[in-house]
Amino acid sequence: MTATPVRTRRQLGDILIANGVISVEQLQAALEEQARTKKRLGEVLVETGVLFEDALFRALADQQDIEVVDLEIDPPEALFARKVPETLARRITAIALSTTSDGKLKVAMANPSDVFAIDDLRAATGTRIMPVMASLDQLNRVINSIYEHGKAEEAASAAADQMGGNVAGADLANMAEITDDGPIVKFIDLLLKRAIQERASDIHIEAAEDGLRVRFRIDGVLKDVMRSPKSVQSGVLSRIKIMAELDIAEKRVPQDGRTSVKVGNRTVDLRIVTVPTVYGESVVLRILDQGSISLDLSDLGMHPRSMKRFEWAYTKPAGGVLVTGPTGSGKTTTLYSTLNELNDPETAIVTVEDPVEYRIDGIKQMQMNAKAGLTFATSLKAILRADPDVVLVGEIRDRETGQIAAEAALTGHLVLSTLHTNDAASTPLRLIEMGIEPFMVTAAITCVVAQRLARRLCKECAVPDQPDDATLKAAGWHDGLIRSSDNATANWMKAVGCSKCSNNGFKGRFGIHEVMLVSPEIQQLILRNESAAEIKKQAVKEGMITLRQDGLIKAAAGMTTITELARSVA
C-alpha cells in the first residue's frame, strides 16, 4: 500500500523571499540575530526595520495555509462580535465575525493555530470554531472599539431608562442626585476613556432633533462616534455642568468652565463650553492631556532657518514675541516649549493664563478668575511689580491687556503672548485696530510667529506620488523651494490607509510656521499704515519662509500631501 505523502510546512524565510519582501542577505542577517537573541524570526525582521508587520502577518497566514481577513475593510457587526465574552476576547485576542454555512462560528484570531484558545472559544460559545487570521493591531483596535462602544451604548440605554424617557429631563431639584448615579456617570467616563485611547483633542456632544450626537476631533478632523437617545440629553449635560461647577439651571446662554478627571491611571484637564441650540444645549470638552504633550522646542518641527530667527527673538532680554493662528493650531504648545527652554534658576518667569493648561516646575503660573476681578489686565499690572524677567500672557484680547504687555516689553521684560490673526504680517495691524498706538507696536514687538497644524502621513502605508504640473503650480510650488529643504529632490507621497492609521492615511500632526522679525524697514511700513500684503512682501524679502512655503517644503519631504496642505493653509 502506498503511503500518503506528509505535507511539510514551508519555512517563513522561504515564503518572505518568494514574496519578494526580503532578500537572501537580509534573511541571513536576521537568522544570525535570531540565534543571538533567541527571538522569533518575524519579530527580529520587524524590530530591525526590514519588514512591515502587515507583510509578516500575510506570510504567517500563507505558512499556516489559513484565510486572512482585513477588519478595516470588513469590520464585524458589534452585536454579533459580542457573542465572545470580553474577558476571553482580550485574553486570546480574538473577535467573532459570522456564522458559516455549516454552523461554525468564524473567529478572527492573532494566532489561529492556538488549539487551547480555540477550545476556550468552543466552550464559551457552545459552537464549533472556524479560525481565521487578522493582524494583532487590527484585532486590538476592533476589540477596544466594540466592547467599549457596547458599554457606552448600554450605559446610554440605562440612563435613558433612568430618565424615564423624559426628553425635558427630571426636576432640577433632583438632577444632581440623578446624574451622580451610575448610568450617566458611566456613560461620560466611557466617552472620556475612548476619546483618550483614540487621541482625540475634543469631544462634541451635540443636541439633535432625534437624539444626542457624539463626535471626536482626531488630528484636527471630526469623526462620528455614536448617537444616544434624546432622553439622556438633559442628564448628560447636567452631569457635565456639575463636574465643571456651572449653573445647571441656566440653559439660555453659553457657559464655560474646567475640571480635572481621573481616566485610568492618568489625570486629564477638561475645558468645557456649553452652547444653547434650537434642539437644546450642546457641549464641547477640550481634552488637555499633559502626558501626551512634548514641550521640547526641537519637536515643534520648525524649519532650521525659521528656528534660528525665532531663537534670536526669544533669547533677547526684552521685547514682545507673539504667536498667532486659529484655535487649535498649537500656539500654547509653542509658547510652553519656549518657556521650558528659558526656564532656569537665574530667570524669573511668571504666566497669566485662562486657564493654566500645563504646569511647569520653577515657573509661577496665575489662573484668571473674572468673577473675583482677576483679569489679564489686572494680573499683568500686579506681576510687573513682582520683578519678573519673562512674562507670558495667555492671550491679548483687548486694548488694555495689549497696552500693558507692550509697555512691559519696552521696560526690560521679555513678553510672550498669543493673538488670533491669519498670518504674521497682519498681526501688527490687528494690535493697532485694538487701539494700541503704532509707535508702541513697532517699538515693543520684535517677532511674530504664525502657525498651523497639518496631518502627518502614516509612515506605514504612504506611497510615492507625482502630482501633475498644474497641481504643483496651483499650490505655489517652484523648484527654488527645494533648495530650502534637506532633500536633493522632491519626495511627494500620497495617503493610502492601513490598520495603523484607522484607514485614514494620516496619523498625528506637525507644525507649519512662518517667523517674521520686525526689522526697521517693517517698522516704517507699520508707521506708514501700509497693508499686510506690503509688510509680508518686505518680510519675505528679508528671508521669511511663509506658511505656504514651509508647508510645501514639508510636503515635498513626504510628510504630508498637497491636498492636506490646502486644507490647513489658505
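Leaving aside its neighbours within four places in sequence, with which residues is Ser417 in contact? The model is a predicted one. In it, Ser417 is in contact with Val321, Leu322, Val323, Leu335, Val393, Gly394, Glu395 and Ile396, once neighbours up to four places away are set aside. Ser417 belongs to strand S14, which spans residues 414–419. With a relative accessibility of 0%, Ser417 counts as buried, since the term applies under 20%. A polar atom of the Ser417 side chain lies 2.7 Å from the backbone oxygen of Val393.

**The sheet**

Strand S14 is part of an open sheet of 7 strands with mixed pairing, ordered S12-S11-S13-S14-S10-S15-S18. The edges are taken by strand S12 (364–367) and strand S18 (506–517); each has a single partner strand, so one side of each is left without a neighbour in the sheet. From one strand to the next, the twist averages 20 degrees.

Within this sheet, strand S11 (residues 349–353) and strand S13 (residues 390–393) run parallel and are joined by 4 bridges. Val393, whose backbone oxygen lies 2.7 Å from the Ser417 side chain, is the bridge partner in S13 of Val352. Helix H12 (residues 304–314) lies across strand S10 (319–324), S14, strand S15 (445–457) and S18, and runs at about 60 degrees to S18.

**Aromatic side chains**

The whole structure holds 2 aromatic pairs. One of them, formed by Trp477 and Trp492, is edge-to-face, with 5.1 Å between the centres and 80 degrees between the planes. Both residues lie in the loop between helix H18 (469–475) and strand S17 (493–494), so the pair ties together parts that are 15 residues apart in sequence. Trp477 and Trp492 are both buried. Elsewhere, Arg455 lies over the face of Phe506, at 4.3 Å from the ring centre.

Leu121 is located in helix H7 (residues 115–125) and is buried, its relative accessible area being 0%. Not counting residues up to four places away in sequence, Leu121 touches Val84, Leu88, Ile92, Val107, Met109, Gly126 and Ile129.

| Pair | Distance |
|---|---|
| Ser417 side-chain polar atom and Val393 backbone oxygen | 2.7 Å |
| Trp477 and Trp492, centre to centre | 5.1 Å |
| Arg455 and the ring centre of Phe506 | 4.3 Å |
| Leu121 and Ala94, C-alpha to C-alpha | 9.1 Å |

Leu121 and Ala94 are 27 residues apart in sequence.

Terms used: Residues are numbered from 1 along each chain as its sequence is written. This is a predicted model: local features need pLDDT of at least 70, side-chain atom pairs count only at pLDDT 80 or more; totals for chains, interfaces and linings use all residues. Side-chain values use heavy atoms; hydrogens and water are left out. Helices (H or I, at least four residues) and strands (E, at least two) are DSSP runs, numbered from the N terminus. Buried means under 20% relative accessible area, exposed over 50%, partly exposed in between (1.4 Å probe, protein chains only). A polar contact is a pair of N or O atoms within 3.5 Å; within protein, one must be able to donate a hydrogen and the other to accept it, and residues adjacent in sequence count only if both atoms are side-chain atoms. Contact means heavy atoms within 4.5 Å. Rings of Phe, Tyr and Trp (its six-membered ring) pair if their centres lie within 6.5 Å; planes under 30 degrees apart count as stacked, over 60 as edge-to-face and the rest as tilted. A charge sits over a ring if NZ of Lys or CZ of Arg is within 6 Å of the ring centre and within 35 degrees of the ring normal. Two strands pair if DSSP finds at least two bridges between them. Axes are lines fitted to C-alpha atoms, for helices over the stretch in contact, and angles run from 0 to 180 degrees between N-to-C directions.
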